Amino acid sequence: MTTLPTTRVSFPAGEVNGSSTVLAVHPLADGRYAVVTEESPFHPLDHTWPDQPADLGTLTVDGAVHPVVDCLTGGYGPEGEFLVGAEIPVRRGDEAWSWLVLHVLAADPGAVTGRPVELAVDPQRRALLSSAHSGCHLLALALNEALAPRWRKDPGRADALGHPDFDSLAMASSVMDTEASTDTYRLGKSLRKKGFTTEAAEELPALAEALPAITEAVNARLASWVAADAAVRIDVPGPELTARRQWHAELPEGAATIACGGTHLHHLGELAELRTELTLSEDGSELVAVTRPKRA
């Protein structure tokens, strides 16, 4: 296999179609095949933070349409190593490696290396995943605001709107699908040492008791942002898959930014509704937010 350059991607701008050239076809250990192209509109599963599922769609080469059944991140090393996902032994963006969008096909596409290819992402699936991902970021900001009174001291990290960043400090996992985003927060000793309290204190009720009011406050804030039809964009320093991108929303309270490699809405008016459900575990050690967007 010849040297492969890092894939240039167009998904941050919301593209779902593109033209390119096939650079390589690599058989995978599970019997499927990974097609590498010079450019791609496909968003692959990020092996370091696999929150947003892969785009699906088709590749068309010489009139033959090949379903893309998965899309993964690949790494091409300085010694010619071709590795997939968790197999990659270096940090994402390591300059000694090329970073690749792997369009996974169920069957061998044949001798297509060097051929022009048309790439098409399933637009409905992309729209649903983008809605869930934007909803996830908005939930983080609204939850940070609603939980701000529960900090006894400054934890040393604030979000873009100036509230203590509970979301990043307590985050255990974040997963989205075409229906919702699910964020799980760990309320353990580490968070308490930083100043967060789940217990009743002075006029502050215990978190379990306060959860309905907190949920109501978060949903009211989410509704106000959807109603404002705030503009959303991805700030992109370069076309490479490894470029450090930022989600940017022009909210009424100010511009909000969050580092993000996923896909998103262009404006919040694309949603008819965005609501979350907060659940506290019985032992109080875990808070789960399930946030469901409804597209307009």
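How many bridges join β13 to β14, and do they run parallel or antiparallel?

Author: Keep in mind that this is a predicted model. Four bridges hold β13 and β14 together, and the two strands run antiparallel.

Now for the core. Trp 247 turns up again here: the largest nonpolar core has 37 residues, and Trp 247 is among those with the most contacts inside it, along with Leu 143, Phe 166 and Leu 251. At least two residues of this core come from each of α1 (123-147), α2 (166-170), α4 (207-227), β13 (232-235), β14 (246-251), β16 (271-280) and β17 (286-295). The largest share, eight residues, is supplied by α4. In soluble globular proteins, nonpolar side chains tend to be buried together. Leu 251 shows who meets whom: setting aside residues up to four places away in sequence, it touches Leu 138, Leu 141, Leu 161, Trp 225, Ala 230, Ala 256 and Leu 268. There is also a second, separate core of 21 residues, including Val 22, Trp 99, Val 112 and Val 117.

α4 deserves a stop of its own. With 21 residues at 1.5 Å a residue, α4 should span 30 Å, and its end C-alpha atoms are 29 Å apart, which agrees. There is still a bend of about 35 degrees in α4 at Ala 213. Its buried residues are Leu 207, Ala 210, Leu 211, Ile 214, Thr 215, Val 218, Asn 219, Leu 222, Trp 225 and Val 226. An α-helix has 3.6 residues a turn, so residues three or four places apart point the same way. The cover over the buried residues of α4 includes α1, β14, β16 and β17. After α4 comes Asp 229, with a positive phi near 50 degrees.

β16 is where you'll find Leu 271. Leu 271 counts as buried because its relative accessibility is 4%. Apart from neighbours within four places in sequence, Leu 271 is in contact with Ser 131, Val 226, Leu 265, Pro 293, Lys 294, Arg 295 and Ala 296. Compare Thr 73, which lies 198 residues from Leu 271 along the chain, with 30 Å between their C-alpha atoms.

Thr 73 takes us to β7, where both faces are covered: Asp 70, Leu 72, Gly 74 and Tyr 76 are buried on one side, and Cys 71, Thr 73 and Gly 75 on the other. Since seven of the seven residues of β7 (residues 70-76) are buried, the strand is largely enclosed by the rest of the structure. β7 pairs in the antiparallel sense with β9 (residues 98-105) over seven bridges, and there Asp 70 has Val 104 as its bridge partner. β7 also pairs with β8 (residues 82-84), again in the antiparallel sense, over three bridges, with Gly 75 standing opposite Leu 83. β7 and β8 make a hairpin with five residues between them, and Gly 80 in the turn has a positive phi of about 85 degrees.

Methods
Residues are numbered from 1 along each chain as its sequence is written. This is a predicted model: local features need pLDDT of at least 70, side-chain atom pairs count only at pLDDT 80 or more; totals for chains, interfaces and linings use all residues. Side-chain values use heavy atoms; hydrogens and water are left out. A nonpolar core is a set of buried Ala, Val, Leu, Ile, Met, Phe, Trp, Tyr and Cys residues joined through side-chain atoms within 4.5 Å. Buried means under 20% relative accessible area, exposed over 50%, partly exposed in between (1.4 Å probe, protein chains only). Contact means heavy atoms within 4.5 Å. The expected span of a helix is 1.5 Å times one less than its number of residues. The bend at a residue is the angle between axes fitted to the seven residues ending there and the seven starting there. Two strands pair if DSSP finds at least two bridges between them.
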